[in-house]
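Please examine the sequence and the structure before turning to the questions.

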Amino acid sequence: LRTLAGNPLTKAPEVPGLGSHPRSYTRFADHYSLGVTLSSMLWCTYVEDENGPFLVNPEEALWADGADPRVPPHAVQLIKTLTEHEPLRRCDFQEAGNSPFFSERFELMGEIFQPIQMQDLKEAARRQV
């Protein structure tokens with residue numbers, strides 16, 4: 001792949017941005033974007049400018065030690081693996097779907113959450129196409 005792609009908030013480092021020279025990247029760029037999307041969703045923080053509110057992607061130093069109550073430990077490990085700087089070190093979607101974050105219950109801020117059933121998500125996505 002060589003086209004401009006992605007949202008500046010979630011695009012992988014290897015994906016060229018506006019004004020950049022085209023360069024190759026792989027499907028692992030999507031894995032990075034999934035990791036950033038997960039961290040942003042769990043962090044759930046917005047800032048506002050003249051265009052309205054927008055989602056903030058937290059710096060890794062703020063959640064990577066597992067101490068932030070908004071990001072459960074299983075999610076920390078998954079996000080770290082998905083957002084590795086080196087694309088070939090990132091886990092793929094199959095591995096992500098098998099991670100404890102998607103397969104085991106977890107507690108977050110005093111509430112128990114059931115795992116997301118990845119097979120159900122895949123089937124729902126196929127029906128939408």
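The questions and answers below concern this predicted model.

Q: In what order do the elements of the chain run from the N terminus on?
A: The chain contains five helices and four strands. Read from the N terminus on, these elements follow the order α-β-β-α-α-α-β-β-α.

Q: How many of the 16 residues of helix H1 are buried?
A: Helix H1 covers residues 28–43. From its first C-alpha to its last, H1 reaches 23 Å, close to the 22 Å expected at 1.5 Å a residue. Its buried residues include Phe28, Tyr32, Val36 and Trp43. H1 is mostly covered, and the number of its 16 residues that are buried is twelve.

Q: Which strands and helices do the buried residues of H1 pack against?
A: Among the buried residues of H1 are Ala29, Ser33, Ser40 and Leu42. The elements against which the buried residues of H1 pack are strand E2 (52–55), H2, H3, H4 and strand E3 (106–108).

Q: At what angle do helix H1 and helix H2 pack?
A: Two packed helices are described by the angle between their axes and the distance between the axes. Here H1 passes H2, which spans residues 73–82, in a left-handed crossing. The axes of H1 and H2 lie 8 Å apart, and the angle is about 145°.

Q: How many nonpolar, polar and charged residues make up the contact of H1 with H2?
A: An α-helix has 3.6 residues a turn, so residues three or four places apart point the same way. On the H1 side, the contact comprises His31, Tyr32, Leu34, Gly35, Leu38, Ser39 and Leu42, which meet Ala75, Leu78, Ile79 and Leu82 in H2. The residues of this contact divide into eight nonpolar, three polar and no charged.

Q: Which helices are included in what covers the buried residues of H2?
A: The buried residues of H2 are Ala75, Val76, Leu78, Ile79 and Leu82. Ala75, Leu78, Ile79 and Leu82 also take part in the contact with H1. The cover over the buried residues of H2 includes H1, helix H3 (93–97) and helix H4 (100–103).

Q: Is histidine 31 buried or exposed?
A: Histidine 31 lies in helix H1. Leaving aside neighbours within four places in sequence, histidine 31 is in contact with Leu82, Cys91, Asp92 and Phe93. Because its relative accessibility is 1%, histidine 31 counts as buried.

Q: Which residue follows H1, and near what value is its phi?
A: The residue that follows H1 is cysteine 44. The phi of cysteine 44 is positive, near 50°.

Q: Which residues is isoleucine 112 in contact with, leaving aside its neighbours within four places in sequence?
A: Isoleucine 112 belongs to strand E4 (residues 111–113). Because its relative accessibility is 45%, isoleucine 112 counts as partly exposed. With neighbours within four places in sequence left aside, the contacts of isoleucine 112 are Arg105, Phe106 and Glu107.

Definitions and conventions:
Residues are numbered from 1 along each chain as its sequence is written. This is a predicted model: local features need pLDDT of at least 70, side-chain atom pairs count only at pLDDT 80 or more; totals for chains, interfaces and linings use all residues. Side-chain values use heavy atoms; hydrogens and water are left out. Axes are lines fitted to C-alpha atoms, for helices over the stretch in contact, and angles run from 0 to 180 degrees between N-to-C directions. Helices (H or I, at least four residues) and strands (E, at least two) are DSSP runs, numbered from the N terminus. A crossing is left-handed if the near helix is turned anticlockwise from the far one by less than a right angle, and right-handed if clockwise. Contact means heavy atoms within 4.5 Å. Ala, Val, Leu, Ile, Met, Phe, Trp, Tyr, Cys and Pro count as nonpolar, Asp, Glu, Lys and Arg as charged, and the others, Gly among them, as polar. Buried means under 20% relative accessible area, exposed over 50%, partly exposed in between (1.4 Å probe, protein chains only). The expected span of a helix is 1.5 Å times one less than its number of residues.
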